Amino acid sequence: MRNTLGDQSDDTRLLAVIVYSTFYVLLAASLLRWLIRHSETRSTPLVVTLALLLAVLYAMSELRHSHRVVWFALLVATWSVLVVLAPSFAWCAVPLVYTGLRILSVRVAVTLVVVLTALVVFSQVRIAGWLDPNLVLAPPAVAAVTTVLFVGMRRQTEQQAALIDDLVRTRQELAETERREGTLAERERLAMEIHDTLAQGLSSQRMLLQAADLVWDTDPALARTHLRSAAEIAERDLTEARRFVHDLAPADLAAGGSLAAALSALAERETSDTLTVRCHLEGTPGPLPQRVEATLLRVAQGALANVREHAGATTAIMTLTSLDDQIVLDVADDGRGFDPDDLDEPAEHRGHGLPAIRARVRQLGGTCAIESAPGDGTVLSVAIPLAMG
């Protein structure tokens with residue numbers, strides 16, 4: 001749009017320079033013709049004075065908009081008197097017509113064109129000495145064509161300006177829409193982050209504290225073990241909360257650890273008296289984009305949280321498989337299982353777990369598959385293409 005506006009402005013300036021130059025060429029030619037043919041007449045000083053005044057007035061074309069109508073009226077009046085005295089100056093009307101069409105309303109400008117054309121015809125007939133059809137018909141025809149073309153160009157310019165305004169307004173609205181969508185996406189991302197880390201950590205702390213309360217009197221040593229585990233989880237959650245503020249990677253990855261090391265540490269933390277979590281690697285994972293590592297770790301955290309809270313499993317196995325074109329994470333458990341078709345049905349109590357996992361993977365162009373059946377455990381498989389990571 002800037003280029004279009006710039007091109008229009010350059011064309012307008014070029015046309016103004018051409019018309020400006022043409023006026024002075026016609027004025028000089030008309031004055032020279034008068035001096036050659038009528039230098040001895042008594043009206044010559046007045047004609048020369050009016051010609052000089054006309055030249056000075058036309059040079060004042062850059063007046064402020066509020067004074068331009070008055071200026072143009074003086075310009076036309078001076079030219080009209082000059083044409084009555086010296087018909088040779090009639091052709092200076094062409095630049096005056098352009099100026100009038102440019103600064104006046106269409107209705108006023110058309111009226112002006114009619115008046116100026118009539119003066120041109122009158123002056124040319126006076127010079128010819130008879131009613132020459134060519135002199136009578138040619139000036140009105142030229143004036144009509146010029147007026148139609150200029151009014152058409154003017155309206156086209158106004159339509160283009162209106163279109164540009166619409167495009168600018170549409171771009172602003174689109175930018176505002178994208179900003180709102182970005183805000184909603186960021187809210188969804190934070191909701192998933194909180195669910196996969198802080199919410200799960202708080203759930204684990206609650207379970208450990210409840211377990212400590214149950215054995216507080218009968219087994220103080222075990223109660224203290226549960227309390228220490230709850231304190232460790234609280235410390236990790238505090239670290240995660242600080243990472244949210246600075247928008248950094250998950251705590252297990254921020255310290256420079258690899259994804260495999262982070263998954264091993266996660267398996268060790270999630271292992272308890274009732275659940276054994278193991279981590280296996282297949283292939284040698286090369287350097288991965290930070291977003292891919294963070295997503296896979298969050299998926300593993302969310303999947304293990306579901307195993308711990310809903311599956312009733314005794315064993316869970318995480319397998320990270322590195323292929324040439326993708327990396328795959330499988331989380332399998334021996335829990336009670338469920339019908340995967342139930343995930344398509346709305347359930348207010350389900351929370352963000354599996355939907356959050358699918359959303360994370362989808363953002364990286366990956367796929368998420370769930371294999372499960374009541375009583376047969378569950379396998380969650382996530383594949384992320386490395387090219388899109």
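Residues 72-98 are 74% helix and 0% strand, with their end C-alpha atoms 12 Å apart. Residues 104-122 are 89% helix and 0% strand, and here the end C-alpha atoms lie 24 Å apart. Helices (H or I, at least four residues) and strands (E, at least two) are DSSP runs, numbered from the N terminus.

The model is predicted: local features need pLDDT of at least 70, side-chain atom pairs count only at pLDDT 80 or more, and totals for chains, interfaces and linings use all residues. Residues are numbered from 1 along each chain as its sequence is written, and side-chain values use heavy atoms, without hydrogens and water.

Helix H9 (residues 259-270) packs against helix H10 (residues 290-311) at an angle of about 15°, with the axes 10 Å apart. Axes are lines fitted to C-alpha atoms over the stretch in contact, and angles run from 0 to 180 degrees between N-to-C directions. H9 and H10 are therefore roughly parallel (an angle under 35 degrees). Contact (heavy atoms within 4.5 Å) involves Leu259, Ala262, Leu263, Leu266 and Glu270 of H9. From H10 come Glu293, Leu296, Leu297, Ala300, Gln301, Leu304 and Arg308.

Thr321 lies in strand E2 (residues 315-322). Leaving aside residues up to four places away in sequence, Thr321 touches Glu282, Gln326, Ile327 and Val328.

Key
Parallel < 35°, antiparallel > 145°, perpendicular 65-115°, else oblique.
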